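Please take a moment with the sequence and the structure before reading on. The briefing below goes through them topic by topic.

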Amino acid sequence: MRFLLALAVCLCVAGVSPAWASSGGEEKAATPSRAEGESERAPGTPGEPTIGMPTLIAPVIVNGELDHYVYLTVTLKLNDGNQRTMVSKKIPYLQDAFLREVHGPSIAHDNDPSTVDEAALLARLMRACERVVGAGIVRTIEIKNAASG
């Protein structure tokens, strides 16, 4: 049992380690994992510059009380592929800004626990992108509700 627990912890840490890679080392550690995730997560034009973000766990608040959590897969679509390295270096800052957004005002649409207000959430995440990486870098954001918990 302890072995399985230790194995699960190692797998969890290994899964998020590229997002937390320090900028002091080579950026090659973060880039390969993003390149793998890009083709899987982001359908669209071949060669379209995209960056897959770590999964967001967002609370759904209804009438001031926690109803449940949703797991959101977020993909950033960039205007220019030359900005990919700069944006990749800022993933921890983007993730922090995204977490602050989903833990702020409720993401539920009209207090309906079964519906995420995607338009409002996309606007909030886009403003966070503009604060962190600058205006005009991220063209669009794609959100997929991976699961509810």
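Residues are numbered from 1 along each chain as its sequence is written, and side-chain values use heavy atoms, with hydrogens and water left out.

**Confidence**

- Confidence is highest in helix 4 (residues 91-102), at a mean of 96, and lowest in helix 2 (residues 30-41), at a mean of 40; helices (H or I, at least four residues) and strands (E, at least two) are DSSP runs, numbered from the N terminus.
- Over residues 3-44 the pLDDT stays under 50, and for these residues the model has 32 contacts beyond four places in sequence, where contact means heavy atoms within 4.5 Å.
- Where pLDDT is low, the predicted coordinates should not be read in detail.

- L72 is part of strand 3 (residues 65-78), and with a relative accessible area of 1% L72 is buried (buried means under 20% relative accessible area, exposed over 50%, and partly exposed in between, with a 1.4 Å probe and protein chains only).
- Apart from its neighbours within four places in sequence, L72 is in contact with T55, L56, A58, L121, I143, K144 and N145.
- One of these contacts, N145, is 73 residues away from L72 along the chain, yet the C-alpha atoms of L72 and N145 are separated by 4.7 Å.

- Strand 4 (residues 108-109) pairs with strand 5 (residues 112-116) in the antiparallel sense over 2 bridges, and two strands count as paired if DSSP finds at least two bridges between them.
- The bridge partner of A108 in strand 5 is V116.
- Strand 4 and strand 5 form a hairpin with 2 residues between them, and D110 in the turn has a positive phi of about 50°.
- N111 also lies in the loop between strand 4 and strand 5; its phi is near 60°, a positive value in a residue other than glycine, and at 39% relative accessibility N111 counts as partly exposed.

- N63 is placed in the loop between strand 2 (56-62) and strand 3, and its phi, near 55°, is a positive value in a residue other than glycine.
- N63 counts as exposed, because its relative accessibility is 61%.

How values were computed. This is a predicted model: local features need pLDDT of at least 70, side-chain atom pairs count only at pLDDT 80 or more; totals for chains, interfaces and linings use all residues. pLDDT is the predictor's confidence in each residue, from 0 to 100.
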